[in-house]
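Student: Please take me through this model by question and answer.

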Amino acid sequence: MVEQDYYELLGVARGADDAAIKAAYRRMAKEHHPDRHNGCTDREERFKAISEAYEVLKDPQKRAAYDHFGKAAFQNGGGGHDPFTEAGFNGFSDIFSTIFGEFMDPRAQQNAARGADLRYDLELSLEEAFTGTETTITVQAMATCEKCHGRGCAKADRCASTCQTCGGMGKVRAQQGFFVVERGCPTCRGSGEVITDPCATCQGEGRALTQRKLSVKIPGGVDEGTRIRVAGEGEAGMRGAASGDLYLFVHMKRHPIYAREGTTLVADCPVTFTTAALGGVISLPGIDGKPIELKIPAGIQSGEQLRHRGSGMSVLNGRGRGDLVARILVETPTKMSAKQKKLLEQFRGTETGEECPATKSFFSRAREMFRG
């Protein structure tokens, strides 16, 4: 008799997700449940097959085994033969070693001994972020032992023996119910060897805690939160294994003039009342050290913005610069001479009876609103 595929039984595609498989099972189980068909034997067998299919496909590991080996993955010793042995496997654990082989890669031993990555928080001024800089930082971390040069041995000749716990494999297997799980060996820490005459400085690890200085280059255009990877400058690996990486996280110091929005620089620019009314020119110190002149149009209002193209921050890993935005803040004089007050009174129109058009319009609308 030809055995029907589990996916066909549930009426789903092989790439169906868990939600689709669950929905299909509920629909099929309801349709073929024996209680709805007066105990029909065929319906009962169909219902059992559907339930069996769902029990396998709802479990990620069982589903992976079924996708690779079909029902043979769940049949052991039937009919006087072992399908695992016939297929070239030594048992059920070997099937999962094959399925999940990418997790049991030989490189896992090296990765287990690889040094940890390090984080360093670097604070920069806006000017340093604009031009880029080269700075020296101090890092305290595990580095290659200078006495044994990373070998972990007290003497120059070989002093390591094969680990008896894992037999030199660097990993051990543990039975957990139905499955066999592989882990890094706790004795040799994944190296497969045990140091019999360890170095007194590093205790056989091949590395020791040291403080070192590094010169790092920061490109122009970095911003708050920018992460810079320095390969191989993290913690040293055990007994000559690869070192981890160093990650620099950039933090920006507060600037006295400019606020930053990406590549745009924003500055609050106070101007006098007369400059705002009559127009004029103001000068700002550019982030590159060169002065920037901005022309103030006559009649500009407080809060309006003027944009100066190409005077902002440099672009990270790119060309050109952002813009500079000047936010105008009109200053109202607080101390005036008698002559200045008289001139302002004349400007207000008390002698001619004239009013500013905007002011006249505002009070006219207010009177209409509250009339009656």
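Tutor: On a 1 Å grid over the protein atoms alone, a pocket is an open set of points with protein on both sides within 12 Å along at least five of seven lines, and its lining residues have an atom within 4 Å of a point. The model is predicted, so local features need pLDDT of at least 70 and side-chain atom pairs pLDDT 80 or more, while totals for chains, interfaces and linings use all residues. Numbering runs from 1 along each chain as its sequence is written, and side-chain values use heavy atoms, without hydrogens and water.

Student: Which residues lie nearest the centre of the second largest pocket?

Tutor: The lining of this pocket has 14 residues. Elements giving two or more of them are α9 (273-278) and α10 (338-348), helices being DSSP runs of H or I of at least four residues, numbered from the N terminus. Nearest the centre are Phe273, Thr274, Pro333, Met336 and Leu344.

Student: Which residues touch the most other members of the largest nonpolar core?

Tutor: Such a core joins buried (under 20% relative accessible area, 1.4 Å probe, protein chains only) Ala, Val, Leu, Ile, Met, Phe, Trp, Tyr and Cys residues through side-chain atoms within 4.5 Å. Of its 36 residues, the ones touching the most other members are Ile137 and Ile218.

Student: Which residue just after α4 has a positive phi?

Tutor: Helix α4 spans residues 60-69. At its start, a side-chain oxygen of aspartate 59 comes to within 3.0 Å of the backbone nitrogen of glutamine 61. Just after α4, a positive phi of about 70° is taken by glycine 70.

Key. Buried < 20%, exposed > 50% of the residue type's maximum accessible area, 1.4 Å probe, protein only. Polar contact = N/O pair within 3.5 Å; in protein donor to acceptor, adjacent residues only side chain to side chain. 1 Å grid on protein atoms, 1.4 Å probe; cavity = no way out; pocket = protein on both sides within 12 Å on 5 of 7 lines; lining within 4 Å.
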